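Let's learn to read a protein complex together, one feature at a time. Have a look at the sequence and the structure first.

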Amino acid sequence: MQRYSGFGLFKQSLSHHENWQRMWRNPTPKPVYDVIIIGGGGHGLATAYYLAKEHGITNVAVIEKGWLGGGNTARNTTIVRSNYLWDESSQLYEHSLKLWEGLSQDLNYNVMFSQRGCYHLCHTLQDLRDAERLVSANLLNGIPNELLDRNQVADEIPFLDCSKNTRFPILGASVQRRAGNARHDAVAWGYARAADALGVDLIQQTEVTGFRKQNGAVIGVETTRGFIGAKRVGMVVAGNTSPLAAKAGFRLPLESHPLQALVSEPIKPIIHSVIMSNAVHGYISQSDKGDLVIGAGIDGWVGYGQRGSYPVIEHTIQAIVEMFPVLSRVRMNRQWGGIVDTTPDACPIIGKTPVPNLFINCGWGTGGFKATPGSGNVFAATLARGEPHPLARPFNLERFHTGALIDEHGAAAVAH
Amino acid sequence: MLNIFCPHCGELRSEEEFSPAGQAHIARPLNPEACSDEEWGEYLFFRDSPRGLRHELWLHASGCRKYFNATRHTVSYEILETYKIGEQPAFTEAAGKKSAAQGVSA
Amino acid sequence: MSQVNRLSRGGRVDRSQPLTFTFNGQRYQGFAGDTLAAALLANGVDVVGRSFKYSRPRGIVAAGAEEPNAVIQLGSREATQVPNVRATQQALYDGLVASSTNGWPNVDTDLMGLVGKVGGQMMPPGFYYKTFMFPQSMWPTYEKYIRKAAGLGRAPTENDPDSYDLINRHCDVLVIGAGPAGLAAALAAARSGARVILADEQEEFGGSLLDTRETLNGKPAAEWIEQVLAELKTFPEVLLLPRATVNGYHDHNFLTIHERCTDHLGETAPLGAFAHKPVRQRLHRVRAKRVVLAVGAHERPLVFANNDVPGNMLAGAVSTYVRRYGVAPGKQLVLATNNDYAYRTVLDWLDAGLQVVAVADARSNPRGAWVEEARSRGVRILTGSSVVEVRGSKRVKAARIAAIDTRSHRVTSPGEWLECDLVASSGGYSPVVHLASHLGGKPTWREDILAFVPGDGLGLQARVCAGAVNGVFALGTVIADGYSAGSKAATDAGFKAVNGKLPRAEERREEATLALFHVPHDKPTARAPKQFVDLQNDVTAAGIELATREGFESVEHVKRYTALGFGTDQGKLGNINGLAIAARSLGISIPQMGTTMFRPNYTPVSFGAIAGRNCGPLFDAKRFTALHAWHVKNGALFEDVGQWKRPWYFPKPGEDLHSAVARECLAVRSSVGLLDASTLGKIDIQGPDAREFLNRVYTNAWTKLDVGKARYGLMCKEDGMVFDDGVTACLADNHFLMTTTTGGAARVLQWLELYHQTEWPELKVYFTSVTDHWATLTLSGPNSRKLLAEVTDIDLDKDRFPFMTWQEGKVAGVPARVFRISFTGELSYEVNIQADYAMGVLEKLAEAGKKYNLTPYGTETMHVLRAEKGFIIVGQETDSTVTPDDLNMGWCVGRTKPFSWIGWRGMNREDARREGRKQLVGLRTVDPNQVLPEGTQLVFDPKQPKPMQMAGHVTSSYQSASLGHSVALALVKGGLSKLGQKVYAPCRDGRLIEAEIVSSVFYDPKGDRQNI
Amino acid sequence: MTAINVYNQRPADIAGQSPLHHAGFEQLIGKGRPNAGVRLRERKLLGHLTLRGDAKDPAFCGGVHQALGLELPVALGLVAKGETSLQWMGPDEWLLIVPRGEEYATELRLREALAGQHIQVVNVSGGQTILELKGDKVRDMLMKSTSYDVHPDNFPVGKAVGTVFAKSQLVIRHTAENTWELLVRRSFADYIWLWLQDACAEYGLAIEA
């Protein structure tokens, strides 16, 4: 692998950048692999990378029906954090956050991970109780998190309307200072390049159309380029999980919904961290290019069209202007939608399926991007061993039968 | 923004008036006690999420407050039909029918 | 103040109305009818901005929405700043103040330009992925400097003084674009009787007719515009919307139009009649039966070396400035073209009395009518050639025209440097396929016109395309196409088309365009001077080639790696050229390369306009009870509970929350307090099967509840987790009144309806919300009976009106239903009155209550009092993972009910029955004055290392004035079997609070006080 | 009729406070802009009854007609006779509005006429109010507020529609040419009033008695 550095950049500039190597090969599929990963998004590519790097399994193919990182990796709002409520999820996301912290160096690819902090605003007394519960749980789990009062919030977030006469006055906020943003495309490309360098075959523009089974167990996949054999198959296809699982003959507790986001025109930096509000219902950060990156809640119906409904955009913009009235004259440039596979408890499903040799990693819902390294890391271990990684174990499919859900929807709205 | 024909009000209304309520035709088991945990879990949580036609339950929340069903394409977002609770869809994935006009339903 | 480039005549500007404006601190003059761009060009302003990455000087390129460079900051006052305004779309008004968005110390001498020159070579696409990694700790510092260079304009730092508006519209035919095709379409649709909206993004209707040299019926085309508009104005169902851009084409023919109502008058809306300030911008939310897309085409520039130096312009833009604005953006013109239509620029330029240096036509033997006209007027035409390079830094000084071979992509002669100050280029025309593609439909490549046209849109858009967007370019055909599109749209919407006579355009011989996008250079692309594809993002041909060499082969990869098309212009000029370069580099065709996704918005839209009125006080409804005014008068502070504003506490002068709540609590425990409980959800249930329905939706049994009695009930979802609770009273055999939590009211009613409508339609029962009909006044405390007795005719005797029953009678002269139920543990009466009459009742109670020290209390005191009693609040003690058994409320679970009620099966699943679940208990801190923070996590072993094994968390916690110690409720693992044991709360502030696990009922455990 | 509790909830001799009592309409009469585009009047403290029953059952339709002298309206219909109006709210739900104080007698009459049938009659008078809007700008104001098409071709006189309104929901009734009514829930009334003032600002809003 051609090593990237500032010096390398200078050296290449002397030859007019004519000698940069390909970041990854364009290989012809082999007849059989040790592991096939379906889905060349961030999670799938990370899985391949850690299989090769940490488990020495390099006879691996990633099969992608479109282009690498072209699904939700390309369509999210790039937020990375680990301040989840329950032990199981906060530990999984914290595992991921720790990997983020060294990822650029590990991959020799600058994923521009910026730990500029993530604030969750509290607007009601119950919000404050929930924040205390979350911060307390995080702290005892060894994950730094802070709770701020209204004045501290006003000091730390310029232009946020902290006055008392707003519709939902801000009473405080929790802040995870190690949280932040990363450059989404770079994550996919960085993992792709590093996995390719370790021998992984990245096979683009190839769609898995079915599974071939022997004695009930998967022995490979049918694709638009013919059959490819595999000892184990991992399915990491986010919003497309349900239709693909149907081809393998099982159902999942998943629904795929549109999740929309939007950006403003690039403006001089004014938002210096990630700010989220559940009550007002919107969140915002600002990219290094200057775009305000704004996210919304998911659309309520199943949709694979990579677009959602306009009222969601309207409501989100209203929330942003409500929080930051000075942004009223800033203009929205572009909107888009991803397809998020949501579970009933807003937590992923990682592990075995009813079909032997076929493993899944799905159900990340709205939170997949931040989990990319951790998800890939534990799923690689799961595929390598044939048994779930300890951090992945609680996220098994059986929990929807036993009832051992890990409800991360956040505490319900207060009654009385 | 979808335009949805309410079978009770008898006209097309904007999506804002409605709430989606998940997959249609999920009947509560008649004898829950006879269900295993696995079967009960399937009833509670396991849903079809096809790329293609899906039968959905909707509520005309701001209008007549009635639930009804819709057959909607999850990729194109076309609504092929809406029908009252207790009725069966005319369009199914198996039948492979295709509608002519979008948003207009019988 | 002289307008050096203003022509002495011509154009649609009003020379009698001079307007002054300021750009980068310099005062200039323009005319009414100018855009800011036209006025800048009229004043000879060459450099309007600096490029994003290389800080190169940039000038105005285009005359419309596709402009990539003239993106300026508008506004003279802080509050009215607008970032990133395209000068080509901003009408000039008197006093306009604008400035460039980049450049330090100023746009003419920008020091960053040096960095761009020196460092530019180090900044190929994706350079930031390859560096700034070492050492890891330096990234925040690197990023600080990267962010310094971020952004174009800036947001204001003061709140917006303007207001915005949404309006919903419905029409039979929405015509987008009021050029020749759109005008004809609107006319056809209007004549059929349809409801028509005609929207156009420009200041005035007419589109290309406003600057064309062609005639209609032998007269200037503008006259036909007037005729059409005059006729359209006679139809009452036609809405004309100039300055209105259709920005999004959403599902089911829903479109958004962004109308700029006052932006042409000033930076803030001027005051109108009656001191009313009109809205600055309005967003139209349109549901159209049919849409006519008559949005035209954008001209493509040719990509050659240094094609970004100010003085490089689109050919069509040059014509627009000359003919529409009377401005000549230069003196000596060189035209580079691959098509016939661009020759109009040469003819317009000659008509204006200016010098044409030469035309470089890439075609070998062009013979079209305008080509011949130019030739006959003595224009030097170099065929088989193109401008391959331009010289100049802040203004074009010369252009090199050389012979090229487009097949082998080579320069075949050294060429010749020609002095000039303006290079107009035209690489063909790209139909504006954006709206047609917003639902994911892919545009179709047409080799005959070398352009993408709208595809079938997957059949998801009920639309007809007309004119240039359809690949139809000749004026007469465009008008005919428009008229027939308008007729078709109206017919499809159910109207009868009406034939009409169409104006006659001149016939003209026009030859085909030659496929040329990227002009070759003598040197390889990587070594040639920069050839810009996307001017706003500084994406060059070399950058695109590099991306493909590095393995970025999909069009989306190329776009994302190079940032092609990511600017505020969204690549309207550069995208097709970029595709062509990538395709050639990969050895595939342009249609094989395909386009990227088109997404709303077509052009950017103010957040304010999208939000409309729904901000500030109207951001969300506030719900008030009938007694709100009384609470305000009595000094209440309010808590948000859902949309409701509920009194939180009633502080007296000098009191804080704690002292007020302590006073309120003691008043209830010792005498009597008053709570407005009107927000609780109330559902009237009638029908012979009402009782059976209750049995199915509540966890407990309802079969034996007699008329006159009330009962507390829990509701679970099918998973066995608690989701609401409340008291339901039996009003008559077939008649019940259910109460729900405040936040749960709507959700519970919807849930009852869901089960009734979908699962059990055979049950004869109806549900109707009466939440708003009844106001509820709760009197609670040992003196509540005495007080109530003074104003009611109901017999309050404890045996005739016992706990958990209700009575009807008058209270303060008003018919009431009084429920003897208690959420405080004290003797309590909930008085329900038709809300219209509640205020009078309250005032009489308050008057009569003075001698009992009747104390109004709010939600905080209610929370404390019920916590002392161990009563739960759904949403505080529960979080959708808690069963009735977890709450130690097994007494409320009907384990033998015949029907398997909602929740029963769920709470019998493996995990819901396992040992060690969290259970609701009370906590008493060892130090009675320490109050556990609500939400704090608990541990059994405080000395363990992190990550700690947690035991549960505190759900409610208060200092109890009545008990003299703090009380807390908590969910603790196996808590009910651990009574008497210790738990510890390691608090955020470093305190470690030790507490004993106790019963959750702290006060009056036997319940005597509520039963007296 | 012991199966159902019927209760006269309105005092005969005490003045009530409508949901917009605090807006002080009496003081605002005549104070608006001349020739205001929207004129507003609260039709307050009327008797409102929700009626549920089976529209397919002739006995139900007949009973309603017998009790009220009004035909049961079909979907989106609104019928009136004098001060009494009956409006379709849903396939098994109607809203009956009668003059103030007549709701109790009306309920008794309905229950008598429908005896033995499975129905529901609920007094909801305290929970809602009617705002009557007149003027040539009412339609424009409605267009700002609801995505429902209020063009008379689609929304003729005699039609009533439950729909979204601003960020709330309510029923819009077209009662006469250029005359519309909003059926507003009590707790949302202040929000709707705030919205109307804002949305009517450009047209002028006058309060009428």
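A: Start with a word we'll need: buried means under 20% relative accessible area, exposed means over 50%, and partly exposed lies in between (1.4 Å probe, protein chains only). Helices (H or I, at least four residues) and strands (E, at least two) are DSSP runs, numbered from the N terminus. Residues are numbered from 1 along each chain as its sequence is written, while chains are lettered from A and ligands numbered from 1 in the order in which they are written. This is a predicted model, where local features need pLDDT of at least 70, side-chain atom pairs count only at pLDDT 80 or more, and totals for chains, interfaces and linings use all residues; side-chain values use heavy atoms, with hydrogens and water left out.

Q: Which residues of helix 5 of chain A are buried?
A: First, the general idea: an α-helix has 3.6 residues a turn, so residues three or four places apart point the same way. Here, the buried ones are L125(A), Q126(A), R129(A), A131(A), E132(A), R133(A), L134(A), V135(A), S136(A), A137(A), N138(A) and L140(A). That's twelve of the 16 residues, so helix 5 of chain A is largely enclosed by the rest of the structure.

Q: Is R177(A) buried, exposed or partly exposed?
A: R177(A) is partly exposed, with a relative accessible area of 35%. You'll find R177(A) in the loop between strand 6 (172-176) and strand 7 (180-181) of chain A. Contact means heavy atoms within 4.5 Å, and, leaving out residues up to four places away in sequence, R177(A) touches Q115(A), R116(A), G117(A), Y119(A), E146(A), L148(A) and E156(A).

Q: What is the volume of the largest cavity?
A: Rolling a probe the size of a water molecule over the atoms shows where empty space is left. On a 1 Å grid over the protein atoms alone, a cavity is a set of points where a 1.4 Å probe fits but cannot get out, and lining residues have an atom within 4 Å of a point. Grid points are joined across faces, edges and corners, and a volume is the space filled by probe spheres set on the points. The largest cavity comes to about 290 Å³. Of the 23 residues that line the largest cavity, R331(A), Q89(C), Q90(C), R260(C) and D263(C) are the closest to its centre. Strand 6 of chain C gives the most to this lining, with three residues.

Q: And how many helices and strands does chain B have?
A: Chain B has one helix and six strands, in the order β-β-β-α-β-β-β along the sequence. Of the 106 residues in chain B, 60% are buried. Among contacts in chain B between residues at least 6 apart in sequence, 47% join residues at least 24 apart.

Q: What confidence does the predictor give?
A: The complex gets an ipTM of 0.96 and a pTM of 0.96. There's also pLDDT, the predictor's confidence in each residue, from 0 to 100. Chain D has a mean pLDDT of 96, and 100% of its residues reach 70 or more.

How values were computed
On a 1 Å grid over the protein atoms alone, a cavity is a set of points where a 1.4 Å probe fits but cannot get out, and a pocket is an open set with protein on both sides within 12 Å along at least five of seven lines; lining residues have an atom within 4 Å of a point.
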